[in-house]
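Take a look at the structure first, and then we'll walk through some of its parts.

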Amino acid sequence: MSAADPRPVLLSLRGVSRVHGSGATAVRALRGVDLDVRIGELVAIMGASGSGKSTLLNIAGGLDTPTEGTVNLGRHDIASLDQKARARLRRRSIGYVFQDFNLIPALTGLENVSLPRELDGVPLRTARKEARTALDEVGMADLADRFPDEMSGGQRQRVAIARAFVGPRRLVLADEPTGALDSATGEDVLRLLRARVDAGAGGLLVTHEARHAAWADRTIFIRDGVVIDSTGELAEPESLLSATDGH
Ligand SMILES: Nc1ncnc2c1ncn2[C@@H]1O[C@H](COP(=O)(O)OP(=O)(O)OP(=O)(O)O)[C@@H](O)[C@H]1O
């Protein structure tokens, strides 16, 4: 992404490092990561198992905090917020889509999507209205009253995407969101993700598949906790997906 890109920066990581554990067993999962995600931008993250992708996503989403460095979401410095304020910011601004959907089985599709807004104190009627709009956007309005176990995998993932985008959320973090889906359904999910980002959000997509990364504006490769921005051409991207040299 060139410095001249006029789109506002939504998420900004500067000098982010994360050490898991301490002493002899300490693992440096991230080392000095700088990353910007702009409004309207979907950035794919690729790298071998254990390279630090999930740690990066968790830190970007305020689920984990860096050992060093800063994480800004809009005008908020996420790491400097106390736990309560961080949880509120997460609920209001950040949507997650996981490989295993993480829907609550005892709630209908509509209730699953509405819940985060209700937890945020939005009146029930408004929350349900927002949930219907979000379900409609992913083509799930007709199945809103079904429970997750009455839906196919692809339908469940659509509900999970609606939940990730309900209300005013601006950042979506997707960790292998197509992992449990067949390839056509997986492409549908990525198309929805792309459409929502284009409509004014920012996104990070962890994926192992280059054809999924092709939905993103750019792909960053991570190896042993170090990000290699691939804005320039990478000669051998495949080599970056093979084994890391461990820790
Ligand atoms: N809570 C933790 N405690 C100790 N080490 C951890 C913890 N979480 C992650 N690690 C280590 O940090 C490194 C990065 O892990 P991370 O889960 O971020 O990698 P990843 O690229 O997402 O891997 P995968 O593709 O297998 O999910 C690994 O060496 C991992 O073992």
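## Around the ligand

Two elements, β2 (27-38) and α1 (53-60), each put at least two residues into the shell around the ligand. The top giver is α1, with three residues. Helices here are DSSP runs of H or I with at least four residues, strands are runs of E with at least two, and both are numbered from the N terminus.

The model is a predicted one, where local features need pLDDT of at least 70 and side-chain atom pairs count only at pLDDT 80 or more, while totals for chains, interfaces and linings use all residues. Residue numbers start from 1 along each chain as its sequence is written.

There are 13 residues around the ligand, and those that come nearest are His20, Ala29, Ser49, Ser54 and Thr55. (Near a molecule or strand means a C-beta atom, placed from the backbone, within 6 Å of it.)

## The sheet

Next up is an open sheet of four strands, ordered β2-β1-β4-β5 with antiparallel pairing. β2 and β5 (76-77) sit at the edges with a single partner strand each, so one side of each has no neighbour in the sheet. Strands count as paired if DSSP finds at least two bridges between them. Between β1 (residues 9-20) and β2, the antiparallel pairing runs over eight bridges, and Val19 stands opposite Arg28 in β2.

## After helix α3

Finally, look just past α3: Gly121 has a positive phi of about 90° there.
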